[in-house]
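Trainee: I am new to this structure and would be grateful for a guided discussion. May we look at it together?

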Protein chains: 2
Amino acid sequence: MTPYSPRLTRLIEALRRLPGVGPKSAQRMAFHLLERERDGARALGAALVDALDNIGRCEQCRMFCEDQACRYCSAQRAETGQLCIVEGPADLVAIEQNTPYRGRYFVLMGRLSPIDGVGPEELGLPRLGAMLDAGWVRELILATNPTVEGEATAYYLAEMGRARDIRVTRIAHGVPMGGELEYVDAGTLAHALSGRRSL
Amino acid sequence: MTPYSPRLTRLIEALRRLPGVGPKSAQRMAFHLLERERDGARALGAALVDALDNIGRCEQCRMFCEDQACRYCSAQRAETGQLCIVEGPADLVAIEQNTPYRGRYFVLMGRLSPIDGVGPEELGLPRLGAMLDAGWVRELILATNPTVEGEATAYYLAEMGRARDIRVTRIAHGVPMGGELEYVDAGTLAHALSGRRSL
């Protein structure tokens with residue numbers, strides 16, 4: 001017999017659907033909300049419903065967007081002539097928060113993975129093709145992850161850019177800042193050496 | 001400028017009120033819910049509202065309770081003559097899940113802590129006194145945590161039991177099962193030695 005009442009069970013089960021939350025954390029969250037954060041729980045419930053009802057995807061860049069005009073698809077950003085392609089919304093946020101880049105984005109919401117049935121259609125690449133055909137893109141920056149699938153996706157995207165005579169760049173991969181050569185994995189070190197630049 | 005739209009900001013802020021969730025986790029949760037778990041998000045929103053509206057405290061034991069009759073305050077449990085006192089709901093669940101104990105409970109929802117303004121009133125001790133006066137309690141089991149405040153609380157509760165000629169017991173503290181003496185802290189080891197039992 002579960003030691004929880006039905007509604008408590010339901011709340012704990014619902015909390016477990018959050019990423020990284022197991023049974024113990026879910027119980028702790030439920031008890032915390034009921035004991036000390038009833039206002040917070042109500043705010044969370046309202047914010048969830050509100051977000052689901054009002055946050056959609058931008059028609060252009062596929063980033064989460066709640067208004068008609070996506071903040072990342074402004075004419076001002078298009079003027080830079082730069083289009084950065086990332087795998088997910090978190091990647092966009094990371095670039096936006098930590099770099100001075102202020103060009104436009106295209107969020108794939110995934111990566112090419114034929115084994116999972118994710119092809120160019122699922123990533124919205126026809127729409128990306130139309131965007132590239134529009135003529136304002138002068139540099140296509142590929143910021144997919146340096147994984148096997150991310151690299152394959154980057155290769156495919158590079159072909160799309162080259163076919164339209166657009167300059168294609170890939171973000172640099174190598175030894176992370178503050179990292180120590182001694183502890184860097186073999187693949188990264190090999191990549192860093194072969195990708196060396198003249199100073 | 002925050003890289004999130006207003007509703008997304010609100011959702012992330014609300015998720016941060018969950019215990020153990022910082023800005024990065026909250027962002028990850030929000031994106032995960034919006035990208036892949038919209039059903040889960042809706043279920044969570046509904047479960048939160050439902051729980052807040054319908055889960056209250058039991059009049060008797062102070063545990064979370066959603067029905068008129070608290071499952072932990074049954075006549076059957078009272079027949080054992082045992083009353084176990086714990087600091088919080090999670091402690092009750094831990095005992096219920098991991099031990100054969102099936103007596104009644106009293107949940108303090110805290111511990112005596114004069115410095116934080118938590119006295120006998122806040123812990124519902126007058127109600128506990130009335131419960132002890134009712135006459136069915138033959139053993140008062142003190143399962144507060146072995147911290148300074150938990151010990152002080154246990155001491156106070158023991159006095160309440162003794163004043164009514166009720167047998168008072170304290171759960172055992174010592175070397176945890178599977179633990180190694182070499183690595184056990186000094187206080188626990190001293191406690192284990194002074195609390196040795198004849199075999």
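Trainee: In which order do the four strands of the open sheet in chain A lie?

Mentor: Please note that this is a predicted model. In chain A, four strands make up an open sheet, and their pairing is parallel. The order of the strands is 4-3-5-6.

Trainee: Which strands of chain A stand at the edges of the sheet?

Mentor: An edge strand has a single partner strand, so one of its sides is left without a neighbour in the sheet. In chain A this applies to strand 4 (104-107) and strand 6 (167-170).

Trainee: By how many degrees are neighbouring strands of this sheet turned against each other on average?

Mentor: The value is an average over neighbouring strands, with direction ignored. It amounts to 25 degrees.

Trainee: What angle does the direction of helix 5 of chain A make with that of strand 4 of chain A?

Mentor: Helix 5 (residues 89-98) of chain A packs on the sheet, where it touches strand 3 and strand 4 of chain A. Its direction and that of strand 4 of chain A make an angle of about 155 degrees.

Trainee: Which residues of chain B are in contact with L15(A)?

Mentor: Neighbours within four places in sequence are left aside here. In chain A, L15(A) then contacts V21(A), A26(A), M29(A) and A30(A). From chain B, its contacts are L18(B) and L44(B).

Trainee: What is the centre-to-centre distance in the aromatic pair of F31(A) and F64(B)?

Mentor: The pair crosses between chains, from helix 2 (residues 23-36) of chain A to strand 2 (residues 64-65) of chain B. F31(A) and F64(B) are both buried. Their pair is tilted, with 40 degrees between the planes, and the distance from centre to centre is 5.5 Å.

Trainee: Why does the pair of F64(A) and F31(B) join two chains?

Mentor: F64(A) and F31(B) form a tilted aromatic pair. F64(A) lies in strand 2 (residues 64-65) of chain A and F31(B) in helix 2 (residues 23-36) of chain B, so the two chains joined are chain A and chain B.

How values were computed. Residues numbered from 1 in each chain as written. Chains lettered and ligands numbered in written order. Predicted model: local features only at pLDDT ≥ 70, side-chain atom pairs only at ≥ 80, totals over all residues. Heavy atoms only, no water. Contact = heavy atoms within 4.5 Å. Pairing = 2+ DSSP bridges. Axes fitted to C-alpha atoms, helices over the stretch in contact; angles between N-to-C directions. Phe/Tyr/Trp six-rings, centres within 6.5 Å; stacked < 30°, edge-to-face > 60°. Buried < 20%, exposed > 50% of the residue type's maximum accessible area, 1.4 Å probe, protein only.
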